[in-house]
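Hi everyone, thanks for making the time. Let me put the sequence and the structure up, and then we can walk through them together.

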Amino acid sequence: MRIDIVTIFPEFFDVLDISLLGKARQSGIIELGVHNLRDYTHDRHRTVDDTPYGGGAGMVMKPEPWGEAFDAILEGEVDAKTADGPVLIFPSPAGEQFTQAIARELAEEEHLVFGCGRYEGIDQRVFDHYATKGRVRLLSLGDYVLNGGEVAVMAMIEAVGRLIPGVVGNPQSLVEESHEDGLLEYPSYTKPASWRELEVPPVLLSGNHGAIATWRHEQQVERTRRVRPDLLAQHPDEA
């Protein structure tokens, strides 16, 4: 997969050189390009923002640098409207909620392009223009506001990247995680069996794999009911 990121803080993404995603880059599973939006400005101050039309607090990111950046990244690409074309993703509190299901969808794409907004956001015409040329998605991590899109993009790349075949060593570990089946993950334990007067549940020491599977499922349902009861709407038999 190819991933391109446009940001005014390219150094923010140096962390992608470490851990599993760093190894995936080294092995060629993921190809990453980080682009400084200010490189696509033409004034000595490298200005990327201006006051909003209609008044209001804050500044809005100008469309011209974004247009030049995306045009350069997408040059020569297959039409993004096709299934083979790139997807342009913008973190936004006004977007649809980013979920594990969306992460799985994006992990099957060949090219993702992320735009990290700042200030009061990006001029709406950037979204409108590229929506006529390809697939544009505004995605939100949740019902809160961040200072910029970099943190959200990092979270999305982490969630998507680990689902790409070959990134995680044991693919089975992905199957049993929270949200993969619509439920939260069961609690995990390791050695020692007793720690500070707290014991590992006996069923996990029994060697009875059927009983262990039943216990783990029950724990998933109980935890989901307690922490995220909204998710149980997808599992009426468990509610």
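Let's start at G115, which touches V6, W66, F70, I89, F90 and P91, leaving aside residues up to four places away in sequence; contact here means heavy atoms within 4.5 Å. Before going on, please keep in mind that this is a predicted model, where local features need pLDDT of at least 70, side-chain atom pairs count only at pLDDT 80 or more, and totals for chains, interfaces and linings use all residues. Residues are numbered from 1 along each chain as its sequence is written, and side-chain values use heavy atoms, with hydrogens and water left out.

So, is G115 buried or exposed? G115 is buried, because its relative accessible area is 1%; buried means under 20%, exposed over 50%, and partly exposed in between, with a 1.4 Å probe and protein chains only. The C-alpha atoms of G115 and H35 are 9.7 Å apart, although 80 residues separate the two along the chain.

G115 sits in strand β6. A strand here is a DSSP run (E, at least two residues), a helix is a run of H or I with at least four, and numbering goes from the N terminus. Five of the five residues of β6 are buried, so the rest of the structure largely encloses this strand. In a regular strand, side chains alternate between the two faces of the sheet. Here H111, V113 and G115 point one way from β6, while L112 and F114 point the other way.

Now to the neighbours of β6. Strand β1 (residues 2–7) pairs with β6 in the parallel sense over five bridges, and R2 has H111 as its bridge partner. Two strands pair if DSSP finds at least two bridges between them. Strand β5 (residues 87–97) also runs parallel to β6 (residues 111–115), joined by three bridges. There, V87 stands opposite L112 and L88 opposite V113.

What is the order of the strands in the open sheet? The five strands run β2-β1-β6-β5-β7, with parallel pairing. At the edges are β2 (31–36) and β7, each pairing on one side only. From one strand to the next, the twist averages 30°, taken between lines fitted to C-alpha atoms, with angles from 0 to 180 degrees between N-to-C directions.

One last stop: Y144, in the loop between β7 (135–140) and α5 (150–161). Y144 counts as partly exposed because its relative accessibility is 44%.
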